[in-house]
Amino acid sequence: MTDKITEYLKNYDGEPKVIMEVCGTHTASISENGIPSMLSDKIKLVSGPGCPVCVTVSAYIDKLVELALTRNVCVVTFGDLMRVRGSERSLSDAAADGANVEMVYSPFDIFALAEKSPDTLFVFAAVGFETTTPIYALMLERITNEGIDNIKFLTALKTMPEAIRTVARENSAITGFLAPGHVSVITGSDLFSELAKELGIPFAVAGFTGGELLAAIYALTKLNGGKSVNMYTSVVTAEGNTAARECVKKYFTTSPAAWRGFGIIENSGLILRGEFARYDAGSAELTYDKSDDSGCRCGAVTAGRLSPAECPLFSKVCTPSAPRGACMVSTEGSCFHYYMNNRK
């Protein structure tokens with residue numbers, strides 16, 4: 001079957017298709033499997049806003065740097081966020097100047113740090129989509145149950161539906177969406193069925209292997225209008241993980257959110273509920289984005305308006321070893337994978 005699908009996609013000669021790979025992990029797999037080279041010239045893939053680090057605005061990085069330089073405060077983060085520049089510098093730059101920053105592999109590592117240094121306030125850089133927010137909810141559950149008072153969060157938590165609606169409004173060329181597989185595990189595939197009907201654009205929930213992605217792309221060349229299909233039934237159900245969503249709902253509420261490349265999108269963010277606001281380290285008003293002043297076009301890339309290779313900095317002064325923008329820093333970023341896999 002895979003051979004037949006590959007042959008069909010390579011020789012496709014129907015109406016032109018522009019398919020957005022919303023998810024950063026899909027971008028990675030598409031690039032690593034050489035899928036663009038397997039497609040007809042009439043099928044174009046564009047990257048979308050599904051890399052959480054890539055859509056984080058510079059104001060958020062600036063706040064992390066400010067906190068890390070504050071006496072008796074330590075910022076705890078994953079490695080990808082360390083090299084993302086704010087309006088002037090990154091956490092790595094600040095750490096070189098003496099800022100207190102701890103890089104971890106699991107967010108739960110913060111508990112050992114907090115126990116070891118009770119006089120230090122540890123602030124976790126909570127960046128992510130529907131997939132990771134339940135983890136932060138579980139952390140809050142532990143914090144409140146155990147009465148831990150030296151852990152807080154700086155949040156840049158986002159949800160996909162409103163961002164996808166914004167993309168569909170601003171980019172009328174898109175004829176189909178590869179719905180994010182990891183997000184769908186939490187939200188369920190029904191959410192994307194509803195979006196397909198609302199927007200009149202087909203969706204395919206896709207897995208992450210080369211074969212799964214080719215099958216989903218094939219489906220999107222066949223589907224029309226508001227049709228949708230779940231191609232990842234081994235993991236994604238129609239209703240999703242209701243227990244995880246209820247846990248998130250207990251601690252977080254919907255809010256506007258700032259997205260690199262889009263500005264403020266209403267109802268696309270999650271912030272701590274008022275009764276848990278004491279665990280917030282100052283997430284409100286983190287809306288400006290000055291990170292494109294250097295000529296970086298990461299915002300246009302995450303919005304699907306520009307291919308990474310069309311950015312004037314790409315592969316010239318912006319490379320994985322010397323990144324100018326978040327899309328080249330993150331291992332889920334479009335620019336990173338276009339560069340690493342020579343994707344044009």
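Trainee: How many cavities of 30 Å³ or more does the count come to?
Mentor: This is a predicted model, in which local features need pLDDT of at least 70 and side-chain atom pairs count only at pLDDT 80 or more, whereas totals for chains, interfaces and linings use all residues. Residues are numbered from 1 along each chain as its sequence is written, and side-chain values use heavy atoms, with hydrogens and water left out. A cavity here is a set of points, on a 1 Å grid over the protein atoms alone, where a 1.4 Å probe fits but cannot get out. By this rule the number of cavities of 30 Å³ or more is one.

Trainee: Which hand does the crossing of α1 and α11 have?
Mentor: Helix α1 (residues 2-10) and helix α11 (residues 210-222), both DSSP runs of H or I with at least four residues, pack at about 50° with their axes 10 Å apart. That angle makes α1 oblique to α11, since angles under 35 degrees count as roughly parallel, over 145 as roughly antiparallel, 65 to 115 as roughly perpendicular and the rest as oblique. A crossing is left-handed if the near helix is turned anticlockwise from the far one by less than a right angle, and right-handed if clockwise. The crossing of α1 and α11 is left-handed.

Trainee: Which residues of α11 do Ile5, Thr6, Tyr8 and Leu9 in α1 meet?
Mentor: Contact means heavy atoms within 4.5 Å. By that rule, the four residues named in α1 meet, in α11, Leu214, Ala215, Ile217, Tyr218, Thr221 and Lys222.

Trainee: How many charged residues are in the contact of α7 with α12?
Mentor: Helix α7 (residues 133-146) and helix α12 (residues 242-251) pack at an angle of about 60°, their axes being 9 Å apart, and α7 and α12 are therefore oblique to each other. Among the residues that make the contact are Glu141 of α7 and Lys250 of α12. Its residues divide into eight nonpolar, two polar and, as charged, two.

Trainee: Are α8 and α10 roughly parallel or roughly antiparallel to each other?
Mentor: The axes of helix α8 (residues 160-170) and helix α10 (residues 190-199) come within 11 Å and cross at roughly 25°. Helices α8 and α10 are therefore, to each other, roughly parallel.

Note on methods
Axes fitted to C-alpha atoms, helices over the stretch in contact; angles between N-to-C directions. Helix = DSSP H or I, 4+ residues; strand = E, 2+ residues; numbered from the N terminus. 1 Å grid on protein atoms, 1.4 Å probe; cavity = no way out; pocket = protein on both sides within 12 Å on 5 of 7 lines; lining within 4 Å. Points joined across faces, edges and corners; volume = space filled by probe spheres on them. Nonpolar A, V, L, I, M, F, W, Y, C, P; charged D, E, K, R; others polar.
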